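This report describes one protein chain for a reader who is new to it. Please keep the sequence and the 3D view at hand while reading.

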Amino acid sequence: MQSSFKSLVAVLFVFPLFSCNSQRVVSDIAKNNVSDTTFVNLKEYSSDFVYDMKYATSDNFLNAKVYDCDECFLRLKTVEALVKANTIFMLKGLRIKLFDCYRPLDIQKKMWEIVPNPKYVADPSKGSIHNRGGAVDITLVDQAGKELHMGTAFDFFGVEASHNYTKMSKKVRSNRALLKKIMTANAFNSFDSEWWHYNLKAGLQDKVSNQKWECKE
């Protein structure tokens, strides 16, 4: 009993259950200060996430940097759901690591110019959920910041990246299942062919946006 209590305290010490910033999501909505479709910077609502924004670097399947800086903007309702999911992961000694968030339509067009193939890049004439501020590409990290093994790298476009692919180790299947279980229990849908991609259910009908953000020096 004492050992279990110490373990819980250790987890909460490293990953506090609610930071002041995380509570801001709920309070802003409750006070109607901000519309839940407003684009906001996730970093201003929670300090409990890890970031590796791949398209702000050339370390991606495009082999090109297409974002000017590595900010994660999303609609407020997406942030609210994401913070709730991350809170549950933190109770397990884990945190969400983000690879991509909202993607302005101009960036989608730039990606399409580099790889004009709908198998890999959504056609900007139709737009994607990323362009609507309702999608995130994520994985999980442990207390040391090490990524959990998910079987493939982010943006691996083979059958092995599918949720339905079962020829993986028990540990990989368990890690993917945990990510999917908690995300889908917190208002997100999974994407069958990409273990890292999650869409907010309430964001599917939002309009495609080309809203930009300023990069801080």
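## Basis of the description

The expected span of a helix is taken as 1.5 Å times one less than its number of residues. Helices (H or I, at least four residues) and strands (E, at least two) are DSSP runs, numbered from the N terminus.

This is a predicted model, in which local features need pLDDT of at least 70 and side-chain atom pairs count only at pLDDT 80 or more, while totals for chains, interfaces and linings use all residues. Residues are numbered from 1 along each chain as its sequence is written, and side-chain values use heavy atoms, with hydrogens and water left out.

## Helix 5

Helix 5 covers residues 170-184. At 1.5 Å a residue, its 15 residues should span 21 Å, and the C-alpha atoms at its ends are 21 Å apart, which agrees. The buried residues of helix 5 are V172, N175, R176, L179, I182 and M183. They cover an arc of only 145° around the axis, so they lie on the same side of helix 5. The arc is that of the directions from the helix axis to the C-beta atoms. Buried means under 20% relative accessible area, exposed over 50%, and partly exposed in between (1.4 Å probe, protein chains only). An α-helix has 3.6 residues a turn, so residues three or four places apart point the same way.

What does the buried side of helix 5 pack against? The buried residues pack against helix 3 (76-91), strand 4 (95-100), strand 5 (135-141), strand 6 (188-191) and strand 7 (194-200). On the face of helix 5 turned away from its buried side are the exposed residues K170 and K181.

Five strands form an open sheet in the order 2-4-5-7-6, and the pairing is mixed. Strand 2 and strand 6 stand at the edges with a single partner strand each, so one side of each has no neighbour in the sheet. Two strands pair if DSSP finds at least two bridges between them.

Strand 7 is mostly covered, with seven of its seven residues buried. Strand 5 and strand 7 pair in the antiparallel sense over three bridges; V136 has Y198 in strand 7 as its bridge partner. Strand 6 and strand 7 also pair in the antiparallel sense, over four bridges, and the bridge partner of F191 in strand 7 is E194. A hairpin through two residues joins strand 6 to strand 7.

## Aromatic rings

The structure holds twelve aromatic pairs. Rings of Phe, Tyr and Trp (its six-membered ring) pair if their centres lie within 6.5 Å; planes under 30 degrees apart count as stacked, over 60 as edge-to-face and the rest as tilted. One of the pairs is that of F39 and Y102, with ring centres 4.3 Å apart and planes at 40°, so this pair is tilted. It links distant parts of the chain, 63 residues apart: F39 is in strand 1 (residues 39-41) and Y102 in the loop between strand 4 and helix 4 (105-114). Both F39 and Y102 are buried.

The rings of F61 and F157 have centres 5.0 Å apart and planes at 80°, so the pair is edge-to-face. F61 lies in the loop between strand 2 (50-51) and strand 3 (73-75) and F157 in the loop between strand 5 and helix 5, so the pair ties together parts 96 residues apart in sequence. F61 is partly exposed at 22% relative accessibility, and F157 is partly exposed at 28%.

A charge also meets a ring: the charged end of K43 sits over the ring of Y51, 4.9 Å from its centre. A charge sits over a ring if NZ of Lys or CZ of Arg is within 6 Å of the ring centre and within 35 degrees of the ring normal.

## Residues in the loops

K54 is in the loop between strand 2 and strand 3. Is K54 buried or exposed? At 13% relative accessibility, K54 counts as buried. Leaving aside neighbours within four places in sequence, K54 is in contact (heavy atoms within 4.5 Å) with D59, N60, F99 and F154.

N63 is in the loop between strand 2 and strand 3. Its phi is near 55°, a positive value in a residue other than glycine, and N63 is exposed with a relative accessible area of 62%. A187, in the loop between helix 5 and strand 6, has a positive phi of about 80° although it is not a glycine. At 34% relative accessibility, A187 counts as partly exposed.
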